[in-house]
Each structure stands twice: as C-alpha cells, then as structure tokens.
Amino acid sequence: MTVYADVLVVVNYIINLLLLLASGKLLGLVMRRRRLFFAALLGAFGSLIIFLPYIGVWFQALYKLLLAAAMAATAFGARPWQRFLKALLMTFAVSFIFAGFLLAVSFFLAPAGMLFYNGVVYFDISALMLIFSTTAAYLLLSLLEKLFAGRTHEKKLYDVTVSVSGKTVSFKGLVDTGSSLREPFSGAPVIVCDRELAGKVRPDESVSFRVIPCLTVTGQGTLEGFHPDEVTIVGDGKQIKTSDVYIASSREPIGGEYQALLNPQLVDRG
C-alpha cells in the first residue's frame, strides 16, 4: 500500500483530537482549544514514524508513552504533577485501547484500506467515513463514562474559596452525590453556588459566560456559568486547588449550613 504523508498527518490529527477530547472529558478537565490543536498536531506529526524501518514492540510502547506524555502536557498542562500524571495515564490508556481495537480489526478482518505499522494506523478510506467512525467511537466512550462514572455515597461539607479577577468569596459546599452537572463543551464539573455569593465574584460582561443545561424539579432548564481563576476546596483531610471547574449561579437561593452544591468528581480527583 502506498502511504501518503499528508493523508497520514490529517488522519492522525483527527484521531488524536478526538482521543484528547475523550481523555479530557473522562478527567473532567477544562480544555483549551489552542492547546488541544497543538497537542493533536504533535501526535499527528509523531505518526510519521511509520516511514521508519520496523522498530519492535517494546520501542513502539516506549515511543507511544513519550508521545502521550508530550501530548498530555501540551493539552492539559504539566503542573501540578498529580493532574499531569492522571492526564498522562488517561491519554495513554485511551490511545492504547483505540490502537488495540484497530490492531484487532487489522489482524482478524485484514481490511484492504488499512495499514498498521510501527504502532501507527493508516486508513485508505474516505475522510467522511473516517470522521464518522472516530466520532461514533468518541460518543460511545462518552456514553459509557456517563453510565459507569463512580459516585461518592457519603455526603460531606467542604470549605470552598473561589477567586476571580482579584475578587474572592468563601462558603460551605455540599458534595451532591446525585449530581453529574458539567459544562457541556469542556466536560468540566460545575459548582452550583448561591446566586448572591456567585454575584460577588461574577466577572464583567467582557468575559464570555456559558449556558449549562440542567434538570430541575420543574423540568429542563439552564444555568449561567463562568470560569474562575482558581477554586480551593478544603475538607476531609484534602486540599484541592483547581481551575478545571465552572461556577454556576443558582436559580433559587441556597442557604443554611451550605451555600453550594459540588459535583463529586471535584473531591474524587483529589
């Protein structure tokens, strides 16, 4: 089979972009489009190793691990190291599963339009079919993540501090074990905060706000969310600092012993 470098790079760029999106959603990280673009492009150019002589299984695994590390650092950042390690493991795991699936297809079905060499896959199929197939796999992965994501069963209160453009507000947050609310584009977990407290750190109108779909007792609804500079969550022997989260203003006041509802993923990740 003749392998064209331009087709190879474009094909692997699309695949890497969707794999990074899947990894970010599984981790609940806020994903920046520019970082994802460069990370996917890095992986795409890394596929040019297909033109080298056969490098062996162990060298393929090492190469894939190093490439996944570079892609994870580019897409999600290298600090803090705990988050980078989780991102690396998830990126490598998702890529490994995808590569394993393609290897199985190549071995058992031996399709005429597919080449698997040096750990790189090359498709001699239409771009439309490639995009459709990879998107279907990404949607399936997202569906499985929603169905089987673990939940925290014990309700706990945490001290939460939100910082936005030099403004800070602190409050008590309750981990809502029934909540899986996320910002739809990035997949980042959402803190639903009392509207009065959220208003104290609300950015000015020059900052873009996100519409976050939610389910309420009256049916489908939406909340207005914004991205903070940093959120600190303290409690249960943990101190978690993250910006991979969105703050949504509640439609009704939240009062009493807590003033916000936390997605369990925020404390699970720490």
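Reader: Hi! How do the axes of helix α1 and helix α2 cross, and at what angle?
Author: Hi there! In this predicted model, the axes of α1 (residues 5-27) and α2 (residues 33-46) come within 8 Å and cross at roughly 130°.

Reader: Are those two parallel or oblique to each other, then?
Author: Oblique. Angles over 145 degrees count as roughly antiparallel and 65 to 115 as roughly perpendicular, and α1 and α2 are therefore oblique to each other.

Reader: Is the crossing left-handed or right-handed?
Author: Right-handed, as α1 passes α2.

Reader: Which residues make the contact?
Author: From α1, they are Val9, Asn12, Tyr13, Asn16, Leu17, Leu20 and Leu21. From α2, you have Leu36, Phe37, Ala39, Ala40, Leu41, Gly43, Ala44 and Phe45.

Reader: And how many are nonpolar, polar or charged?
Author: The contact of α1 with α2 has 12 nonpolar residues, three polar ones and no charged ones.

Reader: New topic! How many residues are in the largest nonpolar core?
Author: That core has 23 residues. Val160, Val162, Phe171, Ile191, Val231 and Ile233 have the most contacts inside it.

Reader: Which element gives the largest share?
Author: That's β3, with four residues. Other elements giving two or more residues include β4 (167-175), β8 (230-235) and α7 (265-268).

Reader: What does Valine 231 touch?
Author: Leaving out residues up to four places away in sequence, Valine 231 touches Val160, Thr161, Val162, Ile191, Ile240, Lys241, Thr242, Val245 and Ile247.

Methods
Residues are numbered from 1 along each chain as its sequence is written. This is a predicted model: local features need pLDDT of at least 70, side-chain atom pairs count only at pLDDT 80 or more; totals for chains, interfaces and linings use all residues. Side-chain values use heavy atoms; hydrogens and water are left out. Axes are lines fitted to C-alpha atoms, for helices over the stretch in contact, and angles run from 0 to 180 degrees between N-to-C directions. Angles under 35 degrees count as roughly parallel, over 145 as roughly antiparallel, 65 to 115 as roughly perpendicular and the rest as oblique. A crossing is left-handed if the near helix is turned anticlockwise from the far one by less than a right angle, and right-handed if clockwise. Contact means heavy atoms within 4.5 Å. Ala, Val, Leu, Ile, Met, Phe, Trp, Tyr, Cys and Pro count as nonpolar, Asp, Glu, Lys and Arg as charged, and the others, Gly among them, as polar. A nonpolar core is a set of buried Ala, Val, Leu, Ile, Met, Phe, Trp, Tyr and Cys residues joined through side-chain atoms within 4.5 Å. Buried means under 20% relative accessible area, exposed over 50%, partly exposed in between (1.4 Å probe, protein chains only).
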